[in-house]
Amino acid sequence: MQINNQYVLTWQCPDTSGVLAKVTHNLFDHGAFITETSQYSDPYTDTFFSRIAFDDRNLKVPFEEFVSAIDELAKPLNLIYRIRNAKDLPNIVIAVSKDDHCLVSLLTKWKAGVLPVNIVAVVSNHADCQPLVEWHGIPYYHLPVNKENKPQQEAAILDVMKSADAELLVLARYMQILSDDMCTQLKGNAINIHHSFLPSFKGAKPYHQAHARGVKVIGATAHYVTADLDEGPIIVQEVKPINHTFTVEQMVHMGHDLEATALCHAVKMHAQQRICLNGDKTVILA
């Protein structure tokens, strides 16, 4: 049985009549065998989004020539696209502080082969998680931070990403606020997880605040990082109902599960090129 190379093409452009037909016809002309499609036309921004998976069983030209044809098509359509071999998993760096529940979930799913990424490094402002990370054979960078050295510490994180050729920074309960400059440099390439309550509780001990107010739903939100704290484009939200019988401890444990689930789901969708930025929100091409 012949094993074909699998590719993913994710693209967006101003919405005009026939734009999907033009792209798929170009793929057909060059012999791309389409195996999966998803698309969305946003009536509010007049933008068209699409994700197409295909293989090369019938490809008529070398892959480099195929990409050149996409380049030529992109110009008149003002098309922004990304194409990659599905086997080329993205490299990611994880940032963590002391709490390890999100880190553990990412490592477990990565080790099991169900998280399609390469975890190439973990950075932290504490040493608590170092034994766990090094047990998995992953480099651990202990980078303490304070008000005086924050620019240098963030530069060190970016250096780790550059040297490891990482495209994504995952904040797995990293309890430091990234500077506006770092947020700008990592736009669309940094994912954060935080508790989300109705209403929202900021500051220390959010679960204790929520318990004191008798909330009926707890949850977690995974989102892209922006300079506006915890207000970046939302990728995944997980919620569960609770009632007056829940203790603070039970809420914390449930919240940790929701945080880990939401973050892993968001990282997986990013790795599969299922997320498109659409202003202050996202389009998820399932």
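A crossing of two helices is called left-handed if the near helix is turned anticlockwise from the far one by less than a right angle, and right-handed if clockwise. Helices here are DSSP runs of H or I with at least four residues, strands are E runs of at least two, and both are numbered from the N terminus.

A quick word on the model: it is predicted, so local features need pLDDT of at least 70 and side-chain atom pairs count only at pLDDT 80 or more, while totals for chains, interfaces and linings use all residues. Residues are numbered from 1 along each chain as its sequence is written, and side-chain values use heavy atoms, with hydrogens and water left out.

**The sheet**

Let's start with the strands. Four of them make an open, antiparallel sheet in the order β2-β3-β1-β4; strands pair if DSSP finds at least two bridges between them. β2 (33-42) and β4 (80-85) are the edge strands with a single partner each, so one side of each has no neighbour in the sheet. From one strand to the next, the twist averages 10°. Further in, β1 (residues 6-14) and β3 (residues 47-55) run antiparallel and are joined by nine bridges. One of the residues involved is Cys13, whose bridge partner in β3 is Phe48. Helix α1 packs on this sheet, touching β1, β2 and β3, and its direction makes about 20° with that of β3.

**Two helix pairs**

Two packed helices are described by the angle between their axes and the distance between the axes. Axes are lines fitted to C-alpha atoms, for helices over the stretch in contact, and angles run from 0 to 180 degrees between N-to-C directions.

| Pair | Angle | Axis distance |
|---|---|---|
| α1 (residues 19-29) and α2 (residues 63-77) | roughly 165° | within 10 Å |
| α3 (residues 101-111) and α8 (residues 248-271) | about 45° | 9 Å |

That makes α1 roughly antiparallel to α2, and α3 oblique to α8. The cut-offs are under 35 degrees for roughly parallel, over 145 for roughly antiparallel, 65 to 115 for roughly perpendicular, and oblique for the rest. α1 passes α2 in a right-handed crossing, and α3 passes α8 in a right-handed crossing too.

**A closer look at Asn26**

Asn26 sits in helix α1. At 12% relative accessibility, Asn26 counts as buried (under 20% relative accessible area, with exposed over 50% and partly exposed in between, using a 1.4 Å probe and protein chains only). Setting aside neighbours within four places in sequence, Asn26 is in contact with Ala69, Ile70 and Leu73, where contact means heavy atoms within 4.5 Å.
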